[in-house]
Every structure is written in structure tokens, then in C-alpha cells.
Amino acid sequence: SDEPIVLGIETSCDETGVGIVRGHTMLANTIASSMDEHARFGGVVPEVASRAHLEAMSPTVEGALAAAGLRLSDIDAVAVTAGPGLAGALLVGVAAAKAYAMGLGVPLYGVNHLAAHVAVDQLEHGPLPKPAIALLVSGGHSSLLLVPDVARDVVSLGSTVDDAAGEAFDKVARVLGLPFPGGPYIDRAAKEGSGAAIGFPRGKYDDGTLDFSFSGLKTAVARWVEAREAAGEPVPVPDVAASFQEAVVDVLTRKALQACARYGVDDLLIGGGVAANSRLRALAQERCDAAGVRLRVPRPGLCTDNGAMVAALGADLVAAGVEPSTLEIPADSSLPI
Ligand code: KG4
Ligand code: ZN
């Protein structure tokens, strides 16, 4: 194949991700996570993440090359997450990507993390329909995007005004005494409970925007649990988890389908760590079927932060003939889409 081989580097949060693609064929997706080091703090500690990236960077690149059966000299382009994300963490990836690109004499592409979450789906499900709507939900972001062309044109339609969806899962899990990160534990606990047991508030449900708000919900759950404990009654963890989860995924899927209807788009993509949520997947499928919208959700390993997503977007940029970045490109913690 004469498609370019692209190395992708992702360090926006706690995952050191290195991926290698040839066109939209994934050759490697190697990840080193520092989550174990953050778990005892109940959240990602930026300084700890930056140091972990520094230590993991070169072994993870070596690991990805070995997994792909390639040498560094086989790489035709380097792509890296330039933002948004943790400033110090981004800086490690951007500095490494510059060094690899300069050393190899190949083009460098600084990419947007959210666009990369969209582009990754092509590694599993083939070319993206144009246009598509994307719902990105993780510990760091909750965004609705209109994607006419992932390489050149991605438009933000709405985002959270307070907590990210995954952040709300993690905070509610903490209230319920579940480990961090709590999303998967809430998902599991909810299977034993009823989503209709407690009527928790759905922020911005009918406000006509495509924005989200989860902090009122998080507070309502905390108040509900405190009241139970104050009354000396047991907390029904499965029902609280299921009812909280139902409130989140009800709003997420409602707004995603509203975005599809408003822009006349029949293809919805869901990505980010929260896309692993079993109830989100089920309700999204149900509502997409009812609306005649096709749903694409990458497998969980591609939904969470990884290097292959950055490489996939890099391959799109090469194919679209987009001008590479200069070696002066900064890491930008609040890089707009
Ligand atoms: O994309 P990701 O790995 O990292 C970033 O935050 O960028 O997403 C992690 C988030 C965490 O908040 C985690 O609790 C949440 O995704 N998560 C889930 C599930 N699996 C992971 N939330 C709900 N249900 C899940 N099954
Ligand atoms: Zn992410």
C-alpha cells in the first residue's frame, strides 16, 4: 500500500497513547496509563500525569513500533494532540512529536483532541458519513459537534456549562462509596436497580440549546443520599446509580437526537469514555431507531483516550492535503475546535 504510515501521540490527560495507522488501517495502539497513581487522590493530578508521560513516552513509542513490526524510519508523518487538555501533559506529547518529526524529517500535525475522538471511528467502521453529528462524552468533555469533514470542518454545537458527563459519574460514584473512576462501577451497580426509582433533575432538558449541565444533578444525588443517611436509613445504591445514570443518558441522547433533527443529519457518532456506558448505548440505539438515524459507536478501547485516534486524524489531514504544523506549534490547553 502507498498510503502514508502515521504515528499518533496522545498525552492530554492520564493516558500516554501511541498509535500507528496506514491510511485507516490500525497497525498499533499502545497505551500506558497513570490512572493507578491518581486513583488514591480521587482525580487526575496534573503534575503526576506530566511526569508519568515523560517516563512512558519513549517506551510506548518503542512498544507501538514493535507491535506494528515497524522501525521509526518507516514513519511518514507524526500527529499529536495539541489540545485541549492538561497543559503540562500536552506539552510532553507535543515536545516528543516535534523531536520525532524533526529527527525523521517528516511532517508534523498538531490536532484537536475532540476531532481525533471523531476520526477514530473510521478505523473500525470505515469512512465517516458527511456530515455526521458527534456526541463526545468523557471525564474531560461533553460536547455535541457537527462534522461536515473531520479533516477540515468541525463545528461545536454545544458543550457542558459545568461538569463533564464522566466527571458527574465519578463524583456520584464517590458519594456512593464506589472506587475511582466511578463510571464503570455505576454502570454495573445500575444493572441491579431501577432507573425510574428516583426522579433526579435533568439539567437544561427543555432549554432549546444543545448545551449540557450536570452539576445540579450531581448535587441532587448528594442531597438525596445525605438525607437518607441523616435519617439512619440504608442507601439503595443500585437504585440511586440507575436513576442518576438514567437522568444523564436521557439528556445526552435527547440533545444528540435534537442536533440530528435540527441539522438534518442521519448519522450519529458517540465517543469518549462514557460511550462505554451500557445504558447510554441502549437508549441511544432505541432513540436512533425511532428517528431513522444510524448510530456508530467505536469499541470501548477506541472510545477512551488513545494514540490511534490521533494517528487516524493525522492520516485524514495528510489525505486532505492540509498544510502541516510548524515546529513552533504550541500545546494549547483550551484549544478551540
Ligand atoms: O475518555 P476517557 O477515558 O478519559 C477522559 O476523560 O478523557 O473517559 C473517562 C471517563 C471517566 O469519567 C469514567 O468514569 C467514564 O469515562 N466511564 C464511564 C464508563 N466507563 C468509563 N462512565 C459511565 N459508564 C461507563 N461504563
Ligand atoms: Zn478524550
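I began with Ser-138 in this predicted model, and I noted that Ser-138 counts as buried because 25 C-beta neighbours lie inside 10 Å, where 20 or more are needed for that label. I then looked up its place in the chain, which is the loop between strand 6 (132-137) and strand 7 (142-149). Leaving out residues up to four places away in sequence, I found that Ser-138 touches Ala-164, Gly-166, Gly-272, Gly-273 and Val-274.

Next I turned to Asp-170, which sits in helix 6 and is also buried, with 24 other C-beta atoms within 10 Å. Setting aside neighbours within four places in sequence, I listed its contacts as Gly-139, Phe-180, Pro-181, Gly-182 and Gly-183. I checked the UniProt record as well, and its unreviewed entry lists both Ser-138 and Asp-170 under "binding site", with Gly-139, Gly-183 and Asn-277 among the other positions.

Which residues come nearest to ligand 1? Of the 19 residues around ligand 1, I wrote down Gly-139, Gly-166, Gly-183, Gly-273 and Asn-277. Helix 6 (165-175) and helix 7 (183-190) are the elements that give two or more residues to this shell. By class, I recorded six nonpolar, ten polar and three charged residues there.

Last, I followed the open sheet of five strands, whose order is 8-7-6-9-10 with mixed pairing. Strand 8 (153-159) and strand 10 (294-296) each have a single partner strand, so one side of each is left without a neighbour in the sheet. I saw that strand 9 (residues 267-271) pairs with strand 10 in the parallel sense over three bridges, and that Leu-269 has Arg-296 in strand 10 as its bridge partner.

Conventions
Residues numbered from 1 in each chain as written. Chains lettered and ligands numbered in written order. Predicted model: local features only at pLDDT ≥ 70, side-chain atom pairs only at ≥ 80, totals over all residues. Near = placed C-beta within 6 Å. Helix = DSSP H or I, 4+ residues; strand = E, 2+ residues; numbered from the N terminus. Nonpolar A, V, L, I, M, F, W, Y, C, P; charged D, E, K, R; others polar. Pairing = 2+ DSSP bridges. UniProt positions renumbered as here; feature names shortened; annotations may be inferred. Buried ≥ 20, exposed ≤ 12 C-beta atoms within 10 Å, placed from the backbone. Contact = placed C-beta atoms within 7 Å.
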